[in-house]
Amino acid sequence: MALAIALVVIVVASVLFHFLSPWWATPLASNWKQMDDTLTITLVITGFFFVVINLFVGYIIWRYRHNAPHPNGGTGHRAAYQPENRKLEWWLIGGTTIGVVALLAPGLFVYADYVRPPREAMVLEVVGQQWSWAFRFPGKSGELGASDPRFITGSNPLGLDPDDPRGQDNIVIVGPEVHLPLNKPVKVLLRSKDVLHDFYVPQFRARMNMVPGMVTSFWFTPTQTGRFEILCAQLCGVGHYNMRGIVVVDEPAAYEAWLAKQQTFAMALAKAAAPPAAMAAAAPAAAGDAGMVEKGRALAQSKGCTACHSIDGNPSVGPTWKGLYGKTETFADGSSAAVDDAFLHKEIMDPHARLVKGFGPVMPRLPMSEDEVAALIAYIKSAGTGAAAPEAVAPGAPAAATSAATTAAAGTALPPAPTRHRLQWPCRLTRHPRRRASEETRMAYADDAAHHAPQSFWTRYVWSQDHKVIAVQYTIVAIVVGLVGVALSNLMRMQLGFPGRFEFIDVNRYYQFVTMHGMIMVIYLLTALFLGGFGNYLIPLMVGARDMVFPFLNMLSFWVYLLSVIVLLASFFVPGGPTGAGWTLYPPQAILPGTPGHDWGIILMLVSLAIFIVAATMGGLNYVTTVLQARTEGMTLLRMPLSVWGIFMATILALLAFPALFVSAVMMLLDKTLGTSFFMPAMVSMGQQLDYKGGSPLLFQHLFWFFGHPEVYIVALPAFGIVSDLVSVHARKSIFGYRTMVWAILAIGVLSVVVWAHHMFVSGMNPYFGFFFATTTLVIAVPTAIKVYNWVITLWRGDIHFSVPMLFAIAFISTFVIGGLTGLFLGNVSVDIPLSNTYFVVAHFHMVMGVSPILVVFGGIYHWYPKVTGRMLNDTMGRVHFWITFIGTYAIFFPMHYLGVLGMPRRYYAWENYAFIPESAHVMNMYISVAAFVVATAQLLFVYNLVWSLRRGQKTDGNPWRAASLEWQTPQTPPVHGNWGPHLPVVYRWAYAYSVPGAREDFIAQNAPPEEGGSEPEPHASRGAIA
């Protein structure tokens, strides 16, 4: 009853939140009103279904709750026996298909316009680098000159070919501000000098990733004058959140006047070739010791300082060094100080002690001796009147490009390069990515055969080959590492909710927390729990086998999994800490300076993933073979519980998809350690030419998401199967449409391998691929929706017992509905463009991939804990745990959808001083953080319940839930080694014989004599057939 009320409250609160929320899309300033219209239509339709489904489920669980008043008087009722209704199923399939097509098809027409810029569009080239922007317009010829990373120097920051006459009149703007004319279509060409970036102006809606080694593009027409903030929406290192710029939209006359004042490339070359200012004009300290200045110049380059601080007055992420000495700087707290030797010494040695106003806490603490600090100060002083040391020119660059002013590609400070005594083997094997080539450093149990139980403690509980013990081992390790992941998420929320309050959460640690949290929860918790935990425990028991077909291999799979976890967690203790590249680990940034843990951290992450995949492959071969070869007599494929079907199909997906991740991990390891170029094109990093060439960052993304999207269903399919069993058992009703559910699982599995690139609509891949992957996404939505219908219809006219497992199962339906419906936004390509890499993605991903599966994990553990231990979990603690978790997750993630529609980018360390983000959004972030802390604390109650109930939980018989599936029919509880005693069971019916008319009880076990009835709706085929 309380759950029905809670669902109604959630619906009412959600509707009120929508209408009262101050957060919605920023005022439109471009021609892409169609994107806003498509977003609104999608919201109205999906919102309607969210309201209807939740209210309908609320009504069902109130009307058909156990001991509900009967219309004819009295209380209590028996669930209806309604295993299938083919006509209704076909109507649902047809109606869903038509609805999804009608919802997503308009977006394809908008996308067709998006990929075809008008012929009359003007051209703007945007060049991204860590962590600043530069721009280029064609000159009077209307053409852009050729560019190449090997031409990049301080005086030629965009790498234009000095010998290409088409580029001589190109207008080059090195700085964060660019102007555009009103109502003029603009084709934006995007290029990156170093790592992935994303040119994102929320008010324009249109956007695209910037990929090193290739040119991407999009177009829009500015329709409002004003100043609009440029953000980078693709994680690009520690300065990601501070990579800012401004687009100024002017009236045409004002734009032309501004453009006439800008410098052409030819003018920049002439200026660079001019003789430098006399050294006598330099600061006295610099003139007095040219040797110290030269040493400081070399240090500035080797330490990456010139990636953040220009010496020619150009704006960058850090204060320019030109004219800095002797200037008075104002700090963020309002105080000020004159820039002298003592000031510079303090800022270099402890850069976070005082932050200059307008600049973020990006610079790391660099290990430097007093002599090195003195040399660096001398170099800074040499720039006092604009004089600078000679410039280092990239190999192959023409002499005309040489400048007396040395400035690296503008960016931000990077983590310190390892000092010589800390060099480790990855650095000795290859060229360091920040050095030139010339500076290379040396650097079958399906029968009744005897199955002897283990005789010692070690063989029974440590080196055990019993699938049940191995399942418990998997579960314990996964829960422990999962608690680490939850702790990391709370550290992230501390920074996001209360920015700057916790000094130990600096920008490097924040991105490391983000990365490790995501990878732990997706791979090392959920995948391991569903396949290694539930899969190991349930498959042999549910199909009537004595154990897995390959017990020794099964044992090895756990220990290899444990090794992968140890290697992963070891990265917290290596120099530089774990990787902070984001859980997707996109290159090039994952292995380059500017990203935390770019040396040992990323190496250990990749090695850990490779080890995990070996473990998953060992286990997967076992699960598939056991299902196909070790089923007991009478257990046909279409008599297997849906839990087994879900785990079986997920395992097949894992065996197909994990090799893509394994290969990409090995290839990136080779790029990092041996200097290969699988994913690394020619580029500049922190002002230094790298030796890579010819690689493709997009290749990694395709490989990763070829694994990544099936990974969603590697987690989801076991969850679908388990929740089907929980709903059926605790509603005392046979699952509705069993055969349809099986075919839906198979269809989802097949389709999941052809939808991966819907994660890449703005990645820079060929835009016409978007049509194909948007269509496949549309198709896969149909079998997924069918499963939701079948769960709801199973509840209809059931005898619903509100046990703790059932509470979590119904909560899963609610959260999965909102997660699935918001997925339609991101599968609709024209809606995905403005929402990509915003908090909308965070909310959707967590609801469908985090919250929903975790609720099933909890429900499954509460359900099968009595089978594992012979004792019940404490019911009161379980209900408290449920209510905090269920309500808390809505409180955390529902508001994030609206922050995403507003345009709030994800993976930002801080959002200070962004004009389009109102103060109320920061308050909401604080509220979300508090809710996250409460939900995290509730998980400790769950862990305590697990431990407490081992000794003090209520003892139970072998089948406390009165379930029909085979695992509850073992002779002993907990089951002993070999599971079934001297003889294997014989199966006579399916696993869902509940409330069968005429039966003595409201369930009939699978192995009960055939005369008790309860056979599946249609005659089954012979053993091994699927028909």
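G634 sits in the loop that connects helix 15 (600-629) with helix 16 (642-673), where helices are DSSP runs of H or I with at least four residues, numbered from the N terminus. This is a predicted model, in which local features need pLDDT of at least 70 and side-chain atom pairs count only at pLDDT 80 or more, while totals for chains, interfaces and linings use all residues. Residues are numbered from 1 along each chain as its sequence is written, and side-chain values use heavy atoms, with hydrogens and water left out.

**Surroundings of G634**
- Leaving aside residues up to four places away in sequence, G634 touches R639 and V987, a contact being heavy atoms within 4.5 Å.
- The C-alpha atoms of G634 and R989 are 7.9 Å apart, although 355 residues separate them along the chain.

**Cysteines**
- The structure holds 0 disulfides, a disulfide being a pair of cysteine sulfur atoms within 2.5 Å.
- The sulfur of C232 has its closest cysteine sulfur in C236 at 3.7 Å, which is too far for a bond.
- C232 is buried at 0% relative accessibility, and C236 is likewise buried, with a relative accessible area of 0%, where buried means under 20% relative accessible area (1.4 Å probe, protein chains only).

**Second largest cavity**
- Its lining consists of 15 residues, of which Y474, L531, G532, A615 and A616 lie nearest the centre; a cavity is a set of points on a 1 Å grid over the protein atoms alone where a 1.4 Å probe fits but cannot get out, and lining residues have an atom within 4 Å of a point.
- Helix 13 (507-543), helix 15 and helix 16 each supply at least two lining residues, and the largest share, 6 residues, comes from helix 15.

Definitions and conventions. Buried < 20%, exposed > 50% of the residue type's maximum accessible area, 1.4 Å probe, protein only. 1 Å grid on protein atoms, 1.4 Å probe; cavity = no way out; pocket = protein on both sides within 12 Å on 5 of 7 lines; lining within 4 Å.
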